[in-house]
Amino acid sequence: MMPALGSPSDASSAMALEDSPVVIVPGFGNADIDYKTPLGQDADVGLESVLARRGFTDVRTMPCERVEWARVILGLLAAIVWRPWATPEGPAYSWFIDRLRGAVEEAHAQSGGKKVLLIAHSAGGWLSRAALSDGGAWRGGAAAPAELVSGLVTLGAPHFPPPEGTPDMTQGVIRAVNDDYPGAFLAREGIAYVTVGGDAIVGDDSKAQSPAAASVDNVYAMRGEGSAARVAFNSYLMTCGRGDVTGDGVVPLEWTLLEGARQVVLPGVLHSINEAGTTLPTDRWYGSEQVVDRWLGAVRQEVAAETTNPLEEAVSQMRRLVGLDAL
């Protein structure tokens, strides 16, 4: 049975989790600075600091410069010409996957062998699944992913390929990941999975503006895009083949939730550090001060559940039932 938040078992798991090294995995188009000083704001606003205030002593973001995402575009163009390159190991994404594996190995080694918690934003979520792969030891590595990683948390990750008839911007790579490593694939190896999705904006193809989003809607209107709901409609349409669904303004909610994972739905939460397609900062994204605690409790529970020895837990429960712990 899953422990309730605030129970003694949850408190002990929280201490263990917060002692783990954390690697933040950037989303598509993002740089590591976006999780440190987002949009030039004070470092206190960044996800690294938000987690540090919750007791995490080793929080780092996988190094990534914004310009490096051009490799994906060039790699996908190459995959159009040579289809065998339309895999996670192809030129579009292999650089990212190799770097993420290196960041995990470094954090694991520098912490003295503690397992790493991955917190992956947006496309960083499905790319983390690709990096974990089938659970075998990575190229040149002696350890399997389950020996290095305690859990994978995905924030607004588009986990699934678009339906037939909708162009796949990854040229089939995300489909290959889902075919080869479906759902919470390595939960059987002891890796906890928590998938988090926002339920904030229903896509609407009209240009009608929402009074609740007046400031950002004015920006969209000036650019001819109409409203946040219309921007969301177009983004959802490219992702899942329908625009009139709900999501975080960029990714449809249904696409963020993996089968077999702990699924956390957050009403009112947006996709990223900025309002989609603008430079306007928001305090309603997954990594905001006021949002993090809404999913962090689930992470504590799931990591604790995966790291608890079932026999030891059964013995502990029996001792409590017969009152031996009081002796």
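Residues are numbered from 1 along each chain as its sequence is written, and side-chain values use heavy atoms, with hydrogens and water left out. Because the model is predicted, local features need pLDDT of at least 70 and side-chain atom pairs count only at pLDDT 80 or more, whereas totals for chains, interfaces and linings use all residues.

The secondary structure of the chain comes to 11 helices and 8 strands. Here helices (H or I, at least four residues) and strands (E, at least two) are DSSP runs, numbered from the N terminus. Of the 327 residues in the chain, 52% are buried; buried means under 20% relative accessible area, exposed means over 50%, and partly exposed lies in between, with a 1.4 Å probe and protein chains only. Contact means heavy atoms within 4.5 Å. Among contacts between residues at least 6 apart in sequence, 71% join residues at least 24 apart.

Helix α4 covers residues 94-110, which is 17 residues, and reaches 24 Å from its first C-alpha to its last, close to the 24 Å expected at 1.5 Å a residue. The expected span is 1.5 Å times one less than the number of residues in the helix. The buried residues of α4 include Trp95, Phe96, Ile97 and Leu100, and also Arg101 and His108. Just after α4, Gly112 takes a positive phi of about 85°.

Helix α9 can be described in the same terms. Its 13 residues, 228-240, reach 18 Å from the first C-alpha to the last, close to the 18 Å expected. Among the buried residues of α9 are Ala232, Phe233, Tyr236 and Cys240. Gly249 is found in the loop between β7 (246-247) and β8 (262-267), and is buried, with a relative accessible area of 6%.

How are two helices placed against each other? Two packed helices are described by the angle between their axes and the distance between the axes. The axes of α5 (residues 123-132) and α7 (residues 173-180) come within 10 Å and cross at roughly 55°. Axes are lines fitted to C-alpha atoms, for helices over the stretch in contact, and angles run from 0 to 180 degrees between N-to-C directions. Helices α5 and α7 are therefore oblique to each other, since angles under 35 degrees count as roughly parallel, over 145 as roughly antiparallel, 65 to 115 as roughly perpendicular and the rest as oblique. In this contact, Trp126, Arg129 and Ala130 of α5 meet Val173, Ile174, Val177 and Asn178 of α7.

Asn178 of α7 is buried, with a relative accessible area of 13%. Not counting residues up to four places away in sequence, Asn178 touches Arg129, His159, Phe160 and Pro161.

Ser133, in the loop between α5 and α6 (145-148), has a phi near 50°, a positive value in a residue other than glycine. Ser133 is buried, at 9% relative accessible area. Gln171, in the loop between β4 (149-155) and α7, has a positive phi of about 60° although it is not a glycine. At 24% relative accessibility, Gln171 counts as partly exposed.
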